[in-house]
Amino acid sequence: MNVLPLVLYAAAGIAYAVHFATRQPHAGRVATTLLIFAALVHTFVIGMQTMEVRHVPFANPSRAISTFVWLLALSYLYLETTTDERAMGVFIMPMLMGLQAIPALSPGVENIDPVLDSPWFWVHVSSLLFAYASFGLAGVLGLTYVVQFKEIKKKHLGYFYTRLPSLQTLDVMNARAVAIGWLFLTVGVVVGAIWTAQARAAVPDDPNLQAMSLNDPKIFVAVLTWAVYSFAVLARQVMGWTGRRAAWLSALGFAIVLLNFLPISYFVTTSHTF
Amino acid sequence: MHLLLLGVSHRTAPVDLRERLDFSSRDVGTAVESLATRSSATESVVLSTCNRSEIYVASAEPPRAREELIAFLSDYHQLTREAFLPHLFTHEDTPAAHHLFRVAAGLDSLVIGEPQILGQVKDAFQAAAERRCTGPLLSKTFHWAFGVGKRVRTETALGEGAVSVSFAAVALARKIFGRLEGRRVLVVGAGEIGALTAQHLRSHGVAEIAITNRTAAHADALASQVAGHTVAWDDMAHAMARADIVVTATGSQRPIITRADVEAVTGRKRIDPLFIIDIAVPRDVDPAVGEIEQVFLYNVDDLQGIVHENLARRGAEIARAEAIVAEELARFTSWHRSRRAIPTVVALRQRFDDIRRAELRRLDAKLGGLTPEARARIDEVTRLIVEKLLLEPTEQLKALPDEETQAAYTEAVNRLFRLSEDAAPPGAGDNESAPFTKPRTG
């Protein structure tokens, strides 16, 4: 079921690449149309899975990634339509394609532990997924900021210079994405903590619940992520850390997010199944 | 009806002659009006910019119109014809349209792809249209040219990239700061390029332009010119701390802004970029300033380099733009050719209608007993028959592929229906039937 969105994201990715290379407005419109279509199909897929398992599918890593990709696509579409700036699509699409390949190739089975079946848990996961999607956008924006900055600084006004938005635009978009992401990350982490406390009281001998502490790598890295982005938000507001420093911070933050999301989820975590 | 073009441009005439033949200093509308009254041409447009003075007319007799236009140029500009004849170019029909299309596309400009020319072509047409000097041919031709200009602009990169130092500086500022509204500019030195750059920045909506100069009077003069304010020379550091963009253009022989100066105002705290444009030769800003993290330093050579690159990039787009022009020209030519059949078509229709009316008159006595409604019906039916008979020949005549074939067919139709001997009376149809009032031989 997740293959069709993957194919459509790939098609949109090709159109964005053509638009980026040729700068033809027509190619840009085709790209956006394809991406909207992909997001709609993806919405349908996730809707079907929701009806099938009677909750939004993210209780296993593969399906959670699919939901994450869907949210990222929606966030990007929001950013594109509000800023009328399509140049970032070519950087976002490979990320969508790469991540969507995981659920497309190994669908996984949505088998939910009754312990998890709580509204707190759904708020926890969906907030975090949305936060990660925003950080993904911010990370890409940060990297493009650095590329653009270097080109102008070195007076090498080449391929990217003519195609990327201005430094100011990239910075404003980055700030917006980080702020929204930080908000959802905070909600996600706080709700997670509250829910753990409640669940412990309800099911005292669940091993997963017992393992939930800062010693758990997943939780530790999530708190680290929160610290990094809190610093980014604070530094921008208080110390005026904009531009290149903010760009590097958001790239670093997203590297940690990816680390948490992929290798740690699959290999080392003890209390979280993803 | 033929399209005729007479003119001089930067390719054919030196600047002093172009200046003397310039229409734009006086009112172009008056010029086109006085031209229209003095020539036999039925439509005229005068296009005059600093690089060209061109007259486009629609005329049934191009050689005669050409002589009239030369006389007009000579009288209007008080020049002997010998002074400009060697520099004058003349094009007729397809080459004339080709020229106009290339002009509108920016291909004939001094700076290839410059965007102003399309607006100037539109203004020239507008001025003529307002004075009722245009008609079907020039209207169609000019609107076609507007379309060509628009296509070239949207489908090629011919007009992209700044091609002057001050525009390149503004383009860079926009790449750094996005919109320039609300940005603060400091101009150091009150020279000409500094003023030009300040003006470009002002037109992009910067909030504040501060000007500082060793001689305060010059700074005052520039400040009033670009709606800025002056800053004392000794307060330069303070003004720089507030600025987003610094333009330096003094005549100083040694750098006036050192790395220490900039570090003192940017320090470690400043994170917002500072864009320094050093257009002075020799340079006003120590190159080491560019090593400061948040400073973008561009000197005049850097900007010149950008300009050269952009020009080269435009050069690469010329072929694509010319292809669009050629494609549109082919379509225009076939449209224009189809119009040449119009006089014959008009004469043919006239002849058929004359026959129809003559027959109806002959039968008048026999039809006398009919009711007015029935007579009207007969009139209607006969008219429809004539129209239907002529429909296909008319279309075929208009669609003939080349000039030679068209001439042969027109000749044949003229002979078969003896159109030339009693062609349409003056005033019937449009004035394009005029050539056929002359007796034909052969």
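Mentor: Happy to, and let's begin with a network: in this predicted model, salt bridges link B:Arg11, B:Arg52, B:Glu54, B:Arg102, B:Asp108 and B:Glu322. One pair in it is worth a careful look, that of B:Asp108 and B:Arg11, whose side chains meet with an N to O distance of 2.6 Å. B:Asp108 counts as buried because its relative accessibility is 3%, and buried means under 20%. B:Arg11, with a relative accessible area of 49%, is partly exposed.

Next, go to B:Arg151 and B:Glu328, where the closest N and O atoms of the salt bridge are 2.8 Å apart. B:Arg151 lies in helix H7 (residues 136–155) and B:Glu328 in helix H13 of chain B, so this pair ties together parts that are 177 residues apart in sequence. B:Glu328 is buried, with a relative accessible area of 7%.

B:Arg383 pairs with B:Glu380, the closest N and O atoms being 3.5 Å apart. These two residues of helix H15 (residues 372–398) of chain B are three residues apart, so about one helical turn separates them. B:Arg383 is partly exposed at a relative accessible area of 30%, and B:Glu380 is partly exposed at 35% relative accessibility. Over all chains, the count comes to 30 salt bridges.

Now follow the charges out to the partner chain. Across the interface of chain B and chain A there is one salt bridge, formed by the side chains of B:Asp302 and A:Lys155 at 2.6 Å, N to O. The two chains also share 12 residue pairs in polar contact, counting pairs with both residues at pLDDT 80 or more. On the chain B side, the elements that give two or more residues are helix H8 (165–177), strand E10 (295–299) and helix H13 (300–340). H8(B) supplies the largest share, six residues. By residue type, the side of chain B that touches chain A divides into 11 nonpolar, two polar and 12 charged residues. In terms of contacts, 25 residues of chain B meet 21 residues of chain A. The area buried between the chains is about 1900 Å², with carbon and sulfur atoms giving 49% of that area.

While you have chain B on screen, look at B:Arg283, in the loop between strand E9 (274–278) and E10. B:Arg283 is partly exposed, with a relative accessible area of 41%. Leaving out residues up to four places away in sequence, B:Arg283 touches B:Arg254, B:Pro255, B:Asp278 and B:Asn299. The C-alpha atoms of B:Arg283 and B:Thr248 are separated by 8.6 Å, although these residues are 35 apart along the chain.

One of its buried residues is A:His42, with a relative accessible area of 0%. A:His42 lies in helix H2 (residues 25–53) of chain A, and its side chain makes a polar contact with that of A:Ser66 at 2.9 Å.

Conventions
Residues are numbered from 1 along each chain as its sequence is written. Chains are lettered from A and ligands numbered from 1 in the order in which they are written. This is a predicted model: local features need pLDDT of at least 70, side-chain atom pairs count only at pLDDT 80 or more; totals for chains, interfaces and linings use all residues. Side-chain values use heavy atoms; hydrogens and water are left out. Contact means heavy atoms within 4.5 Å. Buried area is the accessible area (1.4 Å probe) that two parts lose on being put together, summed over both. A salt bridge is a side-chain nitrogen of Lys or Arg within 4 Å of a carboxyl oxygen of Asp or Glu. A polar contact is a pair of N or O atoms within 3.5 Å; within protein, one must be able to donate a hydrogen and the other to accept it, and residues adjacent in sequence count only if both atoms are side-chain atoms. Helices (H or I, at least four residues) and strands (E, at least two) are DSSP runs, numbered from the N terminus. Ala, Val, Leu, Ile, Met, Phe, Trp, Tyr, Cys and Pro count as nonpolar, Asp, Glu, Lys and Arg as charged, and the others, Gly among them, as polar. Buried means under 20% relative accessible area, exposed over 50%, partly exposed in between (1.4 Å probe, protein chains only).
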